[in-house]
Every structure is written in structure tokens, then in C-alpha cells.
Amino acid sequence: MRIKELGDLSGEITVFGGPYSNVQALEAVLAIARGTSICTGDLIAYCGAPDAVVARMRRENVHIVAGNCEKQLGANALDCGCGFENGTVCDRLSAAWYAFANAQIGPSDRVWMAELPDIITFRHQAQKYVVIHGGATDVARFLWSVSDEANFLEELDALNMLCGDFDTVICGHSGIAFEREIGGVRWVNAGVIGMPPHDGTPLTEFLRIAADGALTFETLAYDVEGAERDMKSAGLTQGYDVALKTGIWPSEDVLPKALRR
Ligand SMILES: [Fe+2]
């Protein structure tokens, strides 16, 4: 487990998750990012420009935690590591984009991904923050706004062992932003910028931490047509290309019943 400590931060912080190979969304968030920038991982996923996203992120001064996709590509694995059950729609769809990304990403990018930290910590306005991808017990753990509290408590125990006491956890991975209070700790999913949060609009989500410590979820508008073009020319037309515009995921397999439409 690799932990990167950023120490005391001041001013604004921009936190975004899941560029998901969507270079148009990445350019849009970088254009409006202020202060320190932190990414919760999954640079690579559904969209059509994995190589451009990695090249941009390697040039950019963003602190990145490894997502399951970076872990898997860094290890030359054959799938995205989400643990989707065999034969589910999520399993079939991930096979297409992972194979495409796997063919685009070169050896030096894989070494870079394999060296990304699993956890980033920092202090801001007398609060200690811990940034992860999905979970501390499993990088690809899906935790939702409606998940049982016991699941969060398992993660908090594991994080306490690794990082000591903290006030706020920020994560990504599952694709929908939310904030919950669990056992005296604030648990925040910063959302993802590369795919809409299954809410029927093309806007995506990210998180701002103001200089005074206030947290605000913001929506991101970007060049959706450009992202859709990249997906079509890559042959990634299994449904996520349509989801960019409709804002509705092609499968609800992964979602708890309470979050399905
Ligand atoms: Fe992920």
C-alpha cells in the first residue's frame, strides 16, 4: 500500500474522479481547476482517448491515486478489475473498452501507473483528509450513498490502521457523487468527470474544497460531441457512447436497487 502525504495545503482544492479516457472532459476540468488538483483515479475506462488522457495527466501537476484501471494496466492484467460477474452487461461492456485501452497504452505509461499511490493524505483548515479510489480493503469496492453503514465502517477501520485518525475520506470509482456522515467521519464521493452520473443529463461531476474548507459538488459541461466522436472512431459503440449524451448508463447491473431508474 503506497501512501503519499501532501502535508498542509491552503487555498482552494479541486478534486475530480474518473476521466475514463474522456480527454474532452479532462481538458474542461483542467481549464477551470483552481489551487491544488487531486484525481481519485480511473484515468482509463469507457471512452475513446486513453492515450491522450494519460499523456495529458503525465504532463499535468495533478496528484493522482491509482484506480483499479491503472492497477490492472500497470500489472498487464487482462480485465479492468471491477469484479463484474461473468456474463453481466457490465462484464461484456468492460471487455470492449479495456481491450481497446490495453492496446493503446505503452510500457512507460504502465510503469508510471504502477507507481501511483493508493492513498493520498493532506491537511486543510485543521481537517485531515484521506483520498482513495474505491476502498482501502479493495481498490474496486463499490460504495454508494445507500450502502449499509457496516460496509463504510469496515473501510474506516482499515484506513485508520493505515493513516491514523482523519476527518474526511474522499473517494471515486462508483461514478455518482455523494456525501455521508459515518461514525463521526465525513465520507465523500467526488463523482467522475468522464461519464454522467446516470441522472439523465450529459453534465458530469467534480468537487471543490474552498479556501475556508467548505465542500461543493459542481457540474462539468464539456465537448460531449468530441468525446462521442472519439468513441465511435474507436469502435466503442456498445452503449456508453450514447450514455455521454443521454446521461443514462447502458446497464444498471452494478447499481443498488434504490439507485435504479
Ligand atoms: Fe474504478
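This is a predicted model: local features need pLDDT of at least 70, side-chain atom pairs count only at pLDDT 80 or more; totals for chains, interfaces and linings use all residues.

Trainee: Which residues are the protein donors of the iron ion?

Mentor: Asp42 (OD), Asn68 (OD1), His133 (NE2) and His173 (ND1) are the donors, and they lie 2.0 to 2.2 Å from the iron ion. Along the sequence, these donor residues follow the spacing D-x25-N-x64-H-x39-H. Asn68 belongs to helix H3 (residues 68-74), while His173 sits in the loop between strand E7 (168-171) and strand E8 (178-182), so this pair ties together parts 105 residues apart in sequence.

Trainee: Are Asn68 and His173 buried or exposed?

Mentor: Asn68 is buried, at 2% relative accessible area. His173 is buried as well, with a relative accessibility of 5%.

Trainee: What do the angles among the four donor atoms say about the site?

Mentor: Start with the general idea: four tetrahedral donors would ideally make angles of 109.5 degrees at a metal. Here, the angles among the four donor atoms of the iron ion run from 83 to 145°. To count as tetrahedral, all angles must lie between 85 and 135 degrees, and the site of the iron ion is irregular.

Trainee: Now the helices. How do H1 and H2 pack?

Mentor: For a pair of helices, look at the angle between the axes and then at the residues that meet. Helix H1 (residues 23-32) packs with H2 at an angle of about 25°, and their axes are 9 Å apart. Angles under 35 degrees count as roughly parallel, and H1 and H2 are therefore roughly parallel to each other. On the H1 side, Val23, Leu26, Glu27 and Leu30 take part, meeting Ala52, Val53, Arg56 and Met57 of H2.

Trainee: How many of the residues of H1 are buried, and what covers them?

Mentor: Seven of the 10 residues in H1 are buried, so the helix is mostly covered. They are Val23, Gln24, Ala25, Leu26, Ala28, Val29 and Leu30. Their cover includes E2, H2, strand E10 (204-209), strand E11 (215-220) and helix H7 (224-233).

Trainee: At what angle do the axes of helix H2 and helix H5 cross?

Mentor: The axes of helix H2 (residues 50-59) and helix H5 (residues 107-114) cross at roughly 55° and come within 11 Å. That makes H2 oblique to H5. Their crossing is left-handed. Val54, Met57 and Arg58 of H2 make the contact with Ser108, Asp109, Trp112 and Met113 of H5.

Trainee: What should I look for in the backbone of a loop?

Mentor: Tyr20 has a positive phi, near 55°, and is placed in the loop between strand E2 (13-16) and H1. Ser21 lies in the loop between E2 and H1, and its phi is positive too, at about 65°. Tyr20 is buried at 5% relative accessibility, and Ser21 is buried at 2% relative accessible area.

Trainee: Which residues is Gly48 in contact with, leaving aside its neighbours within four places in sequence?

Mentor: Gly48 is in contact with Ser21, Phe100, Asp230, Met231, Ala234 and Leu236. The C-alpha atoms of Gly48 and Ser21 are 5.9 Å apart in space, although the two residues are 27 apart in sequence. Gly48 lies in the loop between strand E3 (36-39) and H2, and counts as buried at 13% relative accessibility.

Note on methods: Residues are numbered from 1 along each chain as its sequence is written. Side-chain values use heavy atoms; hydrogens and water are left out. Donors are N, O and S atoms within 2.8 Å of the metal (3.2 Å for Na, K and Ca); water is not among the atoms, so sites may look incomplete. Four donors count as tetrahedral if all angles lie between 85 and 135 degrees; four count as square planar and six as octahedral if opposite donors are over 155 degrees apart and all others between 65 and 115; anything else is irregular. Helices (H or I, at least four residues) and strands (E, at least two) are DSSP runs, numbered from the N terminus. Buried means under 20% relative accessible area, exposed over 50%, partly exposed in between (1.4 Å probe, protein chains only). Axes are lines fitted to C-alpha atoms, for helices over the stretch in contact, and angles run from 0 to 180 degrees between N-to-C directions. Angles under 35 degrees count as roughly parallel, over 145 as roughly antiparallel, 65 to 115 as roughly perpendicular and the rest as oblique. A crossing is left-handed if the near helix is turned anticlockwise from the far one by less than a right angle, and right-handed if clockwise. Contact means heavy atoms within 4.5 Å.
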